[in-house]
Amino acid sequence: MKSDNINILIVGVGGQGTLLASKFLGAVAKMAGRDVKVSEVHGMSQRGGSVITCVKIGKKVYSPVIDMGEADVMLSFEQLEAARWIGYLKKGGKVITSTQKIEPMSVVLRQAVYPDNVIEGLKKSGAEITAFDAFSVAEECGSGKAVNIVLCGVLSKLIYDIPEEIWLEALKNTVPAKLYDINLKAFMAGRSR
Amino acid sequence: MKSDMELMLGNEAVARGAYEAGVVTVSSYPGTPSTEITEFISKYDAGEVYCEWAPNEKVAAEVAIGSSFAGARSMCCMKHVGLNVAADPLYTVSYTGVNAGLVFVVADDPGMFSSQNEQDTRFHALSAHVPVLEPSDSEECIKFTKLAFDISEAFDTPVILRLTTRVAHQRSLVEKGERSQNVKPYKKDIWKYCMMPAMAKKRHIAVDARQKRLAAFSAGAKEDLPFTIPNVVDYAKDSKKKIGVITYGICYQYSREVFKDASFLKLGLTYPLPDDLIREFAANVDKLIVVEELEPFIENHIKTMGIEVTGKQLFTNQGELGTVAIRKAFFGEEPKCEALGEDVAIPPRPPVFCAGCPHRAVFYVLSKMGLRVCGDIGCYSMGAQAPYQGIDSVICMGASVSMAHGMTKAMAQCGEIDKQKTVAVIGDSTFIHSGITSLIDVAYNKGISTTIILDNSITGMTGHQQNPAMGFTIRNEQTVATDLVKLANAIGITDVQVVDPFDMKAFREAVKGATERDNPSVIIAQRPCALLKYVKYGGPAHIDAGKCVKCGSCMRLGCPAINKKEDGSIVIDASQCVGCGLCFGLCPRSAISK
C-alpha cells in the first residue's frame, strides 16, 4: 500500500487506546508530507463500548469518515470487533487483528454467547487476515497498553513508501518520553512480524 | 503541505479561532460534542482569556451577552439541546444586537452518538433570526470562528457557529495565526440594550433589516467590509449538462467524494441564505440537488423560491449522512464491502458502567427494590440497561426531579396505592444545571417524592469537568462549593440524608425510609467517580476458586471485571478490576478478596 491514498479503520473496545493509535498515524502522515484527516468517537461510546476511529491519508482528503466498503486496512484491538466492523473493509482489504477477547456485558450476563468461530469467519472472508495475540506481545514489551503500537508496527510494514525513520520520529512525538522505550519495543515487535 | 501545519481537533480549532479573534470571555456548560472547545480555551493564559463552566447554558449565554455589552468579544459553547436552555436569551439578544462580537457555538449530534434527540439548530436560528456559519474541517473551524466575530460586529448580531459531531471530533491540518484584540468602550443605551415593548418594537425592525442586508451581502452585494462570506461556487466543465450540488459543513466533504464531476455551491453561511447566488447557480446547472443532514432546511428555502430541487425525497431526516448513503440515494449504488466467510453471531457491545463506578451500587439497590425511577442525563442513564433495568424515563436535564413529582401527584390524584414509590435519580452537575428549580417545585407544592442526587464529585459523562458542587473552577482554582444539604434545607426540604452507595445496606435503608415517609426527601449518594485520579482502590481483587460455589451473586452487579467462564467458574479480570470491593459483601461464601 502507498500513502497517497489509504484509509485505515481502527476498531476496539472503549479504553483500549484507539485514540493514541490514530494520533500516531496522523503524525506519521503529516511528517510524510501527506494530507490527513482523523475521525474519532468521544463521549458515551468510550465507556467500554465498541469504538471506531478513522484515519485517512492521501494527496487530498475530503471526508474524515470511512464508510462501508471504504477501508483499505483495519487495525483491530479485539477479535469480535474485527468481525463487527468487517463490512467497512473494501473487498480484498487487509485486517490486522489481535486475538484478544473482551466479553461484552451481554456475554458476561450469559444473555449472549461469545462466538468461537470469529477468526475462522474472518479467515474465510475475502480479506487478508493477520491475527495474533497482540496483547501478549505488548505485555512482553513491558505494557499491555502498548497493543495499539504493536498493531501500528505491523501496519508500518504494509505502507512501504514511508521510511522507518519517519515512524520512529512520529512515535517519539506521540508517546510520553518515559514510555518511549516500551513503545519502541512494541512498535519494532509489530514491524518485524 | 507546509511543514508548520498542525493536525488539530475541530473543537480545538474553534478554541484557536476564538483566541486569535481576541475573545476575552468564554462561558459554557459541557455537552458532547462541544465540550473540548472550552477545555482548550482554558489552556490559554488566564491574563488573556477569562473562561468558566457555568451551571447551565442559559447562564453561560447570559454571561457572554453581558461581556459583549461591556465591550469584549465573547463566546458561549453548548450542545444542540443546550441551545434549548439558552434559547430565551438568544431570541432577545438577537433584538439588542451586540457591542463587541458575540458567538454561540452550538454542536449538533446527527446520529446521536451521545444525545437524546437529533434536533437541527438551524431552525432555532431561523426563528431567532441569527446568522449561522458552518465549517467543514479544522481549518474552517479557525477561519469561520474568527469570521463569526467579524460578522457579529459588522451586522450588530449574535452569530451561531454550528458544528456537527463529525466536524467537532475530526482532526485535520491547520495553520495557526496570531491573536489580535480590540476592546470596545461601553456606552449606556437603553434603546438598544433594554428590551421592553417600546424598545423591542423598534429593534424588531432593525432585526429584519439586518437579515435582508446580510442575505444580500452573502449573495455577493458590495459592502465596505474587510471580509467576505465564504460561499464558494465551483463550476464543473460544461456545467449546464451536469449536476449542481448545494451543500455545507461535513456534507460538503462527503459530497466531494461522491460527485466527482459536479458543480458545487458550498455554503459557509447557511442562514440567511443567499437567494441571488442560489438562483444563478441553479440556472447554470442541469439538475440541482441539495445534500443536507437532518432537516431539509436549505431545500425548503429553495423550494419557496420556486426552484426545482432534489433532496430529502431521497433521504430520511434521521441520523448521519455519509458517502454510502449519498451514493445509494442518487445513484442506487450499494457499497462493495467485505463480509465474514461464515455465520458469526456477533453480540452487541453497548457502553457500560466502568469497574468501580458508584452508580452501579445505586442501580443494583433500586432495581432490587422495584421502585419507579425517573432518570436524567448523564452516565447513570445507563442504569436503564441490563442487568439493572432500573430507570423508567429519560427526557432532558433536570426532568427526573419534576417528572417524579408529576408522577407522584398523578398517582395520588388517581388513588393509586403505591404513590410513594417514585424516585428521581440525578447527577450532581445535572442537579445544579436544572434540578434545583424542579426540587423547589416539589417542596413548594407539597410534593412527597424522593430525589436521589448521585454526587460523584465531577461531571462524568462528558469527560470530567469541574462543577459548582466541587469547589474548583475550570482552571482548577479553589472556590466556594455549593452545599447540597444546606441548599435542600434552604428551599424547605428537611428530610435529607447523605449516604455512601457502596454501603448498600445503608443506602437501601435510606431509600426505604425516605419513600415511606409522607414528605419530600433528598438522598445524596456520595462517592467519587472511579476514573478520578485520586480515587485509588489498591488494585484488583480475586476469587478463591476453592470457596466459590458459582452461585453468580456477584455477577448481578453487571461489573465488566467479573466474568463467568464456560465451565461456570467465575473469575475476576485483573486488567479491568480496580479493587473497589463492592462485590465482596455480595458473596455468600466470602470468596472474593484482595
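Predicted model: local features only at pLDDT ≥ 70, side-chain atom pairs only at ≥ 80, totals over all residues.
Residues are numbered from 1 along each chain as its sequence is written, and chains are lettered from A and ligands numbered from 1 in the order in which they are written.

Let me begin with chain B as a whole. Its secondary structure comes to 19 helices and 22 strands, where helices (H or I, at least four residues) and strands (E, at least two) are DSSP runs numbered from the N terminus. The radius of gyration of chain B, taken over C-alpha atoms, is 27 Å, close to the 25 Å of the globule rule for 594 residues, so chain B is as compact as a globular protein of that length; the rule itself is 2.2 Å times the number of residues to the power 0.38. The C-alpha trace of chain B spans about 80 × 70 × 55 Å along its principal axes. Of the 594 residues in chain B, 52% are buried, a residue being buried if 20 or more other C-beta atoms lie within 10 Å of its own, exposed if 12 or fewer, and partly exposed in between, with C-beta atoms placed from the backbone.

Now to one sheet of chain B, which is open and has four strands in the order E9-E11-E10-E13, with mixed pairing; two strands pair if DSSP finds at least two bridges between them. Which strands stand at the edges? They are E9 (232–234) and E13 (287–290) of chain B, each of which has a single partner strand, so one side of each is left without a neighbour in the sheet. On average, and with direction ignored, neighbouring strands of this sheet are turned by 15° against each other. Strand E10 (residues 243–248) of chain B pairs with E13(B) in the parallel sense over four bridges, and within that pair B:Val245 stands opposite B:Ile289.

Two helices belong to this picture as well. Helix H11 (residues 249–258) of chain B packs on the sheet, where it touches E10 and E11 (263–267) of chain B, and its direction makes about 145° with that of E10(B). Helix H12 (residues 275–283) of chain B lies across E9, E10, E11 and E13 of chain B and runs at about 150° to E10(B). Axes here are lines fitted to C-alpha atoms, for helices over the stretch in contact, and angles run from 0 to 180 degrees between N-to-C directions; contact means that the C-beta atoms of two residues, placed from the backbone, lie within 7 Å.

Elsewhere in chain B, helix H5 (residues 87–96) has several buried residues, among them B:Pro89, B:Leu90 and B:Val93. The buried residues of H5(B) pack against several elements of chain B, including helix H3 (57–70), strand E5 (102–108) and helix H10 (197–218). After H5(B) comes B:Gly97, with a positive phi near 75°.

As for domains, the bounds of which come from an automatic or database domain assignment, chain B has domain 1 (6–218), domain 2 (232–331), domain 3 (358–526) and domain 4 (536–594). The C-alpha centres of domain 3 and domain 4 of chain B lie 29 Å apart, and six residues of domain 3 are in contact with five residues of domain 4.

Finally, how many residues does each chain give to the contact between chain A and chain B? Chain A gives 61 residues and chain B gives 46 residues.

In the loop between E2 and E3 (50–58) of chain A lies A:Glu40, which is buried, with 25 other C-beta atoms within 10 Å. Not counting residues up to four places away in sequence, A:Glu40 touches A:Leu19, A:Ser22, A:Thr53 and, across in chain B, B:His169.
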